[in-house]
Amino acid sequence: LNSIGELYIVLKDYPKALNYFQRQKKLHEKIEGDQGFAYALYDIGNVFEETNQLDSARYYEEQALECFRSINYEEPLVYKTLGNIEMKLGNPSKALSYYQQSLQIATQNNEHRASASAYNKIASFYKLVNKPDSGIYYARKSLEETELTFHKKTILEAVTLLSEFYEQKDAKESLRYLKIANT
């Protein structure tokens, strides 16, 4: 149910994704200390964040945090989604703090995909505040991490950011990253 729901998120079919996550939540809610329940809460919050229902998104992400903590686990993606919520609410400094927490936890847990995603979010923050050198640093770190997992969506995000950062600095380098993104 979780994997099918995640596929529907990628396809941006949020009602179907939500349906699968709610079914997952219902199956897992009877099991004490179950990670599946925590992930269902996280993914429901993620759907709400993607559809800009930010109060609902925050509610589910906070519930997911509590649930993960009750089983002595920290999920870096919850912090990433909380950062996305803060970014959409116009609180970039607060968003950066969540993205940094996500990165710290992902690094501690040796989760390369989550680390790469956090690096991209931090790079996006530096794009927003017009600090291209810092943005390039974090986007490159993301690219390094994705080489370990080869997660195409994260690679695409990193090389797109790099192409945008280099657009004003080095057209040849920007084109190189654009070609990678196109591929």
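Residues are numbered from 1 along each chain as its sequence is written, and side-chain values rest on heavy atoms, with hydrogens and water left out. Since the model is predicted, local features need pLDDT of at least 70 and side-chain atom pairs count only at pLDDT 80 or more, while totals for chains, interfaces and linings use all residues.

Nine salt bridges turn up in the structure, each taken as a side-chain nitrogen of Lys or Arg within 4 Å of a carboxyl oxygen of Asp or Glu. One of them pairs K88 with E49, with 2.9 Å between the closest N and O atoms. K88 sits in helix α5 (residues 76-88) and E49 in helix α3 (residues 35-50), so this pair ties together parts that are 39 residues apart in sequence. Helices here are DSSP runs (H or I, at least four residues), numbered from the N terminus. E49 is buried at 4% relative accessible area, whereas K88 is partly exposed at 39%; buried means under 20%, exposed over 50% and partly exposed in between (1.4 Å probe, protein chains only).

D133 and K169 make another bridge, their closest N and O atoms being 2.4 Å apart. With D133 in helix α8 (residues 132-149) and K169 in the loop between α9 (152-166) and α10 (171-182), the contact ties together parts that are 36 residues apart in sequence. D133 is exposed at 53%, and K169 is partly exposed at 46%.

Then there is R176, which meets E173 at 2.9 Å, N to O. Both lie in helix α10, three residues apart, or about one turn of the helix. R176 is partly exposed at 40%, while E173 is buried at 18%.

Conventions
Helix = DSSP H or I, 4+ residues; strand = E, 2+ residues; numbered from the N terminus.
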